[in-house]
Amino acid sequence: MKKIIRKLFIPHPNNLFRPHAMRHKAISIYSIGLMLSHLAFGIGFDTVSVSAQVGESMTHQIVSLTNSERQKVNLPALKENSQLQGAAIARAKDMFAKDYWDHFAPDGKEPWEAIKEAGYNYSYAGENLAKGFSDANSTVNAWMNSQTHKDNLLNSNYEDIGIAVVSDSFKGRNTTIIVQLFAAPFERGVKPVTVLGAKSETKQLNLASMTSSQNIPYTAAWAMIALMLLADGWMLYKQGHHKDKHHRFHFGLASILMAALFSLLTVQVSNIL
């Protein structure tokens, strides 16, 4: 048993100072095992959720960032409106309750009905949605990088804004839905106009997900495997085996698997509608 442990884990001349448990072949197996475990438990994708306190902070930050973007093109700042905020919260909760991700509910209910039900009589109204984001900057940046959302956010007809940042279970996974509602009060003689951010799908690189409670074990394992891969690569170089085709192939394969595992840990798939 001691010989086996020594061979697998302890560097010494007989294993060429490359413990078998830390060689690139073993690292490939570890990476595949972690990826299969990651996928089997459905961890790592679309599981970003924020606390109520963070969500409240995000709402104000999104308003501030939105007004900053409007200021850049000489548009007036939007005012936070409690009725629109209530409507935005109702919209987000309705999506979670009915498990849908769209501007329109499965029963055909439109976003503007929530605005009217909140007591806001509008001439102009608009809505942007985001899902899976955990900070205000990435949310607003995603909207600004989508022409339809950008046009909505920079619409000169709006006067008021309401934001909701709500986390709950969506299709069996925890996530965050962000609703951004715009509006201007009713004006006599103006036919009500509504604007939606068109449907699109955006991938967000979210490194913060690596440190979530669900991903910490995988992150720690990835870090350990990465260190082992670097150490094995260093020993191959020191021994002059780094040019050997056999070693280069397996070391390259292990590196690719490491990169795939890293991607699985960090890439959040977020739909921006």
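Modeller: Buried means under 20% relative accessible area, exposed over 50%, and partly exposed in between, with a 1.4 Å probe and protein chains only. The model is predicted, so local features need pLDDT of at least 70 and side-chain atom pairs count only at pLDDT 80 or more, while totals for chains, interfaces and linings use all residues. Residues are numbered from 1 along each chain as its sequence is written, and side-chain values use heavy atoms, with hydrogens and water left out.

Biologist: Is D160 buried or exposed?

Modeller: A salt bridge requires a side-chain nitrogen of Lys or Arg within 4 Å of a carboxyl oxygen of Asp or Glu. K79 and D160 form one at 3.7 Å, N to O. With a relative accessible area of 7%, D160 is buried.

Biologist: Which residue forms a salt bridge with R91?

Modeller: R91 is in helix α4, and its partner is in strand β2, 36 residues apart. Both residues are buried. At 2.7 Å, N to O, the partner of R91 is E127.

Biologist: Why does the pair of Y158 and F182 count as stacked?

Modeller: Rings of Phe, Tyr and Trp (its six-membered ring) pair if their centres lie within 6.5 Å; planes under 30 degrees apart count as stacked, over 60 as edge-to-face and the rest as tilted. The centres of Y158 and F182 are 5.0 Å apart, and the pair is stacked because the planes meet at 5 degrees.

Methods. Helices (H or I, at least four residues) and strands (E, at least two) are DSSP runs, numbered from the N terminus.
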